[in-house]
Amino acid sequence: MKKREFHKLLLAGGALGLADFPLGLTQAFAQGTGGVKGGTLNSIVQPEPPILNLAVSQLTPTQMVSGKIFLSLLTYDVNLKPMPSLAKSWTISPDGKTYTFKLEPKAKWHDGKPLTSEDVVYTAMEFLPLTHPRAKAIFGRCESITAPDAHTVVFKLKEPFGPFIGAFDISNLPVMPKHIYAGTDVVKNPANLNPIGSGPFKLKEWVRGSHIHLVRNDDYFKPGLPYLDAIIYRVVPDGASRALALENGTVQLTQWTDLELFDAQRLSKKPNLAVTTKGYEYFAPIMWLEINNRNAPLSDKRFRKAVMHAIDRTFIKDKILYGFGKVATSPVNSKTKFYEPNVTTYDFSIAKAKALLDEMGLKPDAKGVRTTVRLPVSPYGEMVQRTCEYIRQSLAKVGIAVVLESTDPGSYTQRISNWDFDMNLSWLYQFGDPALGVTRNYVSSNIRKILFTNTEGYVNPQVDKLADEAAVAVEDAKRQALYSEMQKIIVDEVPIAWLVEMEFPTIYDKRLQNLVTSAIGIHESFDTVYFKG
Amino acid sequence: MNLQWLQGLGALGVRLAKMVAVVLLIAIFNFMLVRAAPGDPALVMAGQSGATDEAFLKRVRAEYGLDQPMPTQLATYLGKVVRLDLGYSHRQQRTVLSAILERLPATLLLTLSAFAISLVGGVVLGSLAGVRAGKLSDTLISLLALVIYATPVFWLGLMLVLLFSVQLGWLPAFGYETIGVTMSTWAGIVDKLKHLALPAFTLGMLYLAIYARLMRSSIIEVSHQDYVKTARAKGASDSRILWRHMLRNALLPVVTMAGVQAGTLIGGSVVIETVFAWPGLGRLTYDAVLQRDYQVMLGVFLVLSVLVIFFNWLTDLLYRVIDPRIKAA
C-alpha cells in the first residue's frame, strides 16, 4: 500500500483507531488465543548486559532482555510495517507532520501505577535526550510532543520526516515511568537496577555472571498473556559451552552470534531444533570493508573498484559464514526499505582488478606488491578474524599487501573514531530505513571523529542532496526514486566495499510457538510465545 | 623477654608500614597502567550501542569523571583508596565493592577447593614419588604430572566436560547452581557440589602437577640430608622417617610456591570461569578490562595486590611454624 492510500484509509476510517491498523491488533489477539500457559524458556545472553534499563543503555544484549520488561509504542512486522504495542492505534496527518497515538488504556507499570501519555512525553522529551545517542536526531525533529489526554500522545514535526513512523520500536523509544524518574538523576536512579517496566515480564533476579531470571507479569494489559511463566537468560561466555547447552537441552533458544556458525549449521540439523534467519530485518546489517577515502591510493575510485573485483564475496558467504547471508549489492540491505537492485555490479575477477590497478599506474615491485594497507581487526569473534584473513589473501593476489593489526574493543573503537585505518571490516544496523541507518555513513555532513558516522570520509554533494531530500519527502514513491538514484551513484564510487548481507541463525526448540513474529525478532516482548505440547 | 617482645612489635610495625607503602605505589602504578591502554569506556560503550553522538560521549566522560585533568583524577582516586573506598562503576551502576563482593563467594568456593585438591594431592603424590624415586610408581606419577602440566587448562576442562557431562551425563557442564528451581538446603548443597566438581578439579589439576613435581624433588633432596641418614641408622621405620623427619623440611618450597599463588588464586581464573560459565572475579576483571571499566579494574587490582602482600606475610609466618629456626616478623 502506498503511503497516500494509507493516509486516505486512515481518514476514511474517520475516528482514530478504526482504520487499517487495528488489523494488527486483532492479529495480536488472535495469536493470544489457543496458546498453552506455563513453562520456562531458557536462553543465552552473551555478552552479559551491564544494565537492564533500555533507556540508559542501548547495547544489543540489553535490548534483547529489556525488551521483555519495557515496551514502546509500536513494533514492526517482518516487512517493517508498524504494528501496535503500547499504542493500540495511530494516525498520521496528510502533511506528514502530525503523528497521533492512542495508548492502551489498561497498560500499567509493574508497580501497579497506570501508564499514561505523560510517561511517553516525559520519556521522549526529558529522559532520552540525556541518555540516548539517537534521540536528538529523531525526537529533536519535533516541534512539540504533547499529551492532550491521558491516553493520547501527539508528536508534531517541524518538517516531514519519512522514517519517523519507523522510530517507535523499543530501541528508539522505550517508555519509562515518569513517577519513578522525574526529578531524579536518571542515570543513577536505583530503579535502573530493579527496572519497573510495563512489559509482559518482570525482573525477578539477576545473579551477575550467571543468569537473569524474568517472571510473568500477572497484570499485563493483554488478557491471558503472557503464556510463559518465566524466561531465564544464562550468561555463558564460552562458545563451545553455548553449543553444548543447546545440544543437551539446557537452553531452548540461541540467537545473534551465540553460536559459532559451524555449530549453528550442525545443530540446526538436529530433529528437535528449528532454525530461522527471520526477525533481524529491522537491524539488517551488511558486513562491509570500509575503505579510508582520504588515503592515497585508496582515494582513487578505480582502486576501490579493484578491491570489489578482487574479493570473492560468494566464497565469504558460503565458506566463512556457512551460507548465512546473501551477497550485498548496495549500501541499502535488500530487506531494508527503498533498496535498489539496478546498480553497477562487481563480479569476482582478478584480471579486472589488476587492469584497474595498472590503469592507475600502480605498478607491482619486485615482490609483486603494489601498495601496503593497514586493517585493524575488530575483536568481535572468529568470523571477523577469518574474513580479514581471507581479504588479506585475496588482495595479495592482485598486489595489495594487507597488514592485519589485532585490537581489543577499546583500541579498535579509538582507531576507527580517529580515522586511523586504511581498511576496516564492520557492520551497522540499518533500522529499517535509509534515513535512520544508511545515509549516516555517506553524507559529508556526518564526517566526524566518532564511530558509526561517515568515518571513511566519502564526499559527494549530489549524494548529500539526494539523502537530504529523501529524508523529508512525504510520499514513498518520491523517496524510492531519490534513494534509487543515490544508491546508483554510491555503488559506482564504492566508498565502502559491501560484502555480505548478514543473516543470523535463531535456533530454537521446535515446541516453541510464535517465537519470531516481527522485524526485531528475539528482541520482541515474547508475550505470545508458548511451548506446544 | 620484654625487650624481645618490643623488638618483635617494632619489626611488625616496620613491616606494616612497608606493606602500606607498597600498596600505595601499586595503586599509582595501576592507575597509570590502566590509562595507558588506548580507548576509554565512553568509546567502548558507543561501539557497543551501534550509534552515538558527541553529546553522548561527553555526557559519559563527564559522568565517569574522565573530563578532569589526569592529576586531579589520580588525586581523587588515591583520596578514595586512603579512605578504603573502591569507587563506583558507572557502567554497572553500583559500587565496585558490591560488584566484587558479589563475585567473591563463587570465586572463593572454586579457588579454595582447587587449592585444597592441588595441595593435598600434590603433596601426597609428590612424596610418594620422592620416596620411591626411580621406581615404576615414581615414573608414572612424574609422567602424569608432566602431562597435566603441559596440557592447556581450557582443553582439559572441555575434555572433562565431554566425558562427564556429554558422554556419561553425571555432572553439569557449566554454571554455579541449577537455576530456577527451589531446593531444600541439603539438595542445594549437593547441587552446588556437583557444579563445583569439574571446574575445581580442572583448576586444581594444574597446580597439583606443580606441587607434585616440587614436592618430589624436595623429598629427594631432603632424603640425602645427614639427619635422615642418622634416623635411618638408628633403625626408624620408613614411614616414621617420612612423617617425623622429612615431610616438614620438604614442605618449605611447596609452602613458598603455594603462598605466592594463594593471593592470585583469589583473583579467580579467567579461563576456567569462562569454560564453565562460573560467575567469579576473573571474568569480572576480564570484562572490566575489555570495557575499560576503570574503577572496577582498579578495584580488583588493588584488592588482589593487598591479598598477595597479605599472603606473603602469612607465608613468612607459616615458615616459622613449620621450621622454628626461621625468624619472621
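Me: Which residue in the turn of the hairpin formed by β8(A) and β9(A) has a positive phi?
Reply: In this predicted model, strand β8 of chain A covers residues 201-207 and runs antiparallel to β9(A), the two being joined by six bridges. Three residues lie between the strands of this hairpin. The turn residue with a positive phi, of about 85°, is G209(A).

Me: Which residue in β9(A) stands opposite W206(A)?
Reply: Strand β9 of chain A comprises residues 211-216. Six bridges join β8(A) to this strand. The residue of β9(A) that faces W206(A) is I212(A).

Me: How many bridges join β9(A) to strand β10 of chain A?
Reply: Strand β10 of chain A spans residues 230-234 and runs antiparallel to β9(A). One facing pair places L214(A) opposite I231(A) in β10(A). The number of bridges joining β9(A) and β10(A) is five.

Me: Is R216(A) buried or exposed?
Reply: R216(A) belongs to strand β9 of chain A, a strand that is mostly covered, with five of its six residues buried. The relative accessibility of R216(A) is 17%, and a residue is called buried under 20%. R216(A) therefore counts as buried.

Me: What distance separates the C-alpha atoms of F324(A) and P505(A)?
Reply: F324(A) is located in the loop between α10 (313-320) and β14 (325-327) of chain A. F324(A) counts as buried, at 11% relative accessibility. Although F324(A) and P505(A) are 181 residues apart in sequence, their C-alpha atoms are separated by 7.4 Å.

Me: Which residue forms a salt bridge with K178(A)?
Reply: Side chains of opposite charge can pair when their charged atoms come close. The closest N and O atoms of the salt bridge between K178(A) and E118(A) are 3.5 Å apart. This pair links helix α6 (residues 178-181) to helix α4 (residues 117-131) of chain A, across 60 residues. The partner of K178(A) is E118(A).

Me: Which residue forms a salt bridge with D420(A)?
Reply: The closest N and O atoms of this salt bridge are 2.9 Å apart. The pair links distant parts of the chain, 46 residues apart: D420(A) is in the loop between α13 (409-417) and β17 (423-426) of chain A, and its partner is in strand β15 (residues 371-377). D420(A) is partly exposed at 33% relative accessibility. The partner is R374(A).

Me: What is the N to O distance in the salt bridge of R415(A) and E405(A)?
Reply: R415(A) lies in helix α13 and E405(A) in strand β16 (residues 400-406) of chain A, so the pair ties together parts that are ten residues apart in sequence. R415(A) counts as buried at 17% relative accessibility, whereas E405(A) is partly exposed at 21%. Both belong to a network of salt bridges that also links R374(A), D420(A) and D422(A). The N to O distance between R415(A) and E405(A) is 2.9 Å.

Me: Is R244(B) buried or exposed?
Reply: R244(B) lies in helix α10 (residues 238-265) of chain B. Together with K234(B), R240(B) and R248(B), R244(B) forms a positive surface patch. Its relative accessible area is 58%, and the cut-off for this class is over 50%. R244(B) is therefore exposed.

Me: What percentage of the residues of chain B count as buried?
Reply: Chain B has 13 helices and two strands. In helix α12 (residues 281-291) of chain B, the buried residues include L281(B), L284(B) and A288(B). Of the 329 residues of chain B, the buried share is 45%.

Note on methods. Residues are numbered from 1 along each chain as its sequence is written. Chains are lettered from A and ligands numbered from 1 in the order in which they are written. This is a predicted model: local features need pLDDT of at least 70, side-chain atom pairs count only at pLDDT 80 or more; totals for chains, interfaces and linings use all residues. Side-chain values use heavy atoms; hydrogens and water are left out. Patches are made of residues with over 30% relative accessible area and no salt bridge: like charges are joined within 9 Å, nonpolar side chains (Val, Leu, Ile, Met, Phe, Trp, Tyr) within 5 Å. Accessible areas come from the Shrake-Rupley method with a 1.4 Å probe; for residues, only the protein chains shown count as cover. A salt bridge is a side-chain nitrogen of Lys or Arg within 4 Å of a carboxyl oxygen of Asp or Glu. Lys and Arg count as positive and Asp and Glu as negative; His and the chain ends are not counted. The place of a charge is taken as NZ of Lys, CZ of Arg, CG of Asp or CD of Glu. Helices (H or I, at least four residues) and strands (E, at least two) are DSSP runs, numbered from the N terminus. Buried means under 20% relative accessible area, exposed over 50%, partly exposed in between (1.4 Å probe, protein chains only). Two strands pair if DSSP finds at least two bridges between them.
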